[in-house]
Amino acid sequence: MAMRYSAPMSSRQTLPLLWLFSDARNDAALEGALARLPHGSGFVFRHYHLAGPERRARFDQLAALARAHGHTVVLAGDAANGAKWGAGWGADGVYGSVARIASQAGGLRLGTAHDGDELQAANQAQLDGVFLSPVFPTRTHPGAGVLGIHGFTVLAQQALVPVIALGGMTAEGARALNWPRWGAIDGLA
């Protein structure tokens, strides 16, 4: 399936295909998961359950391990917890809602989209990529509606930026979806 975005920027050409998300529930397995990921994968550090210095210390620990395996490290969060570029975390990029990250500069900007309106906002902001979710049922949002294969495909075809499938994703789900870029919390830890 051909995507409609124009000539890719360098960050789009090197955007990893596989993304591991951190979370309280997979924290104990992250070291092993980062080591098992193929070289050059992506890692989104969320860890919303930690605050302040504890969150920063865990980020530094996991980012060092991720980089030792050649992974791209992206930081999720907002100004309230010090995740803005100016805070000096040294991440390769930021992850979050389009409204929050659109004006960020200095690295990858990876947004979230759950419907056509959010996807169009990602297109307009010319993000480096967008995580389109939830594709399948997920523990992160139990009982929430899902896009399913057809809904994901219809939306992804409207993207002018690279799309990364998220939400209940596993290797088996990625094969069923026939999509090269995907991310997971449980499905990779």
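**Figure 1. Accessible surface and overall make-up of the predicted model.** The protein exposes about 8,400 Å², of which carbon and sulfur atoms supply 54%; accessible areas come from the Shrake-Rupley method with a 1.4 Å probe, and for residues only the protein chains shown count as cover. Buried residues (under 20% relative accessible area; exposed is over 50% and partly exposed in between, 1.4 Å probe, protein chains only) make up 49% of the 189 residues. The secondary structure comes to 7 helices and 8 strands, taken as DSSP runs (helices H or I, at least four residues; strands E, at least two) and numbered from the N terminus. Residues are numbered from 1 along each chain as its sequence is written. In this predicted model local features need pLDDT of at least 70, side-chain atom pairs count only at pLDDT 80 or more, totals for chains, interfaces and linings use all residues, and side-chain values use heavy atoms, with hydrogens and water left out.

**Figure 2. The largest nonpolar core and the surroundings of Phe43.** A nonpolar core is a set of buried Ala, Val, Leu, Ile, Met, Phe, Trp, Tyr and Cys residues joined through side-chain atoms within 4.5 Å. The largest one has 43 residues, and Phe43, Phe152 and Met169 touch the most other members. Helix α3 (residues 52–68) gives the most to this core, with 4 residues. Leaving aside neighbours within four places in sequence, Phe43 is in contact (heavy atoms within 4.5 Å) with residues including Trp19, Leu20, Leu62 and Val74.

**Figure 3. Helix α6 and what covers it.** The buried residues of α6 (residues 148–156) are Gly148, Gly151, Phe152, Thr153, Leu155 and Ala156. Among the elements that cover them are helices α5 (116–125) and α7 (171–177) and strands β6 (129–132) and β7 (163–165).

**Figure 4. The largest pocket.** A pocket is an open set of points on a 1 Å grid over the protein atoms alone, where a 1.4 Å probe fits, with protein on both sides within 12 Å along at least five of seven lines; lining residues have an atom within 4 Å of a point. The volume is about 390 Å³, the space filled by probe spheres set on the points. Of the 25 lining residues, Thr138, Thr140, His141, Leu166 and Ile185 lie nearest the centre of the pocket. The lining divides into 10 nonpolar, 11 polar and 4 charged residues.

**Figure 5. Arg100 in helix α4.** Helix α4 spans residues 98–101. Arg100 is partly exposed, with a relative accessible area of 23%. Between Arg100 and Gly77, 23 residues apart in sequence, the C-alpha to C-alpha distance is 9.3 Å.

Methods. Nonpolar A, V, L, I, M, F, W, Y, C, P; charged D, E, K, R; others polar.
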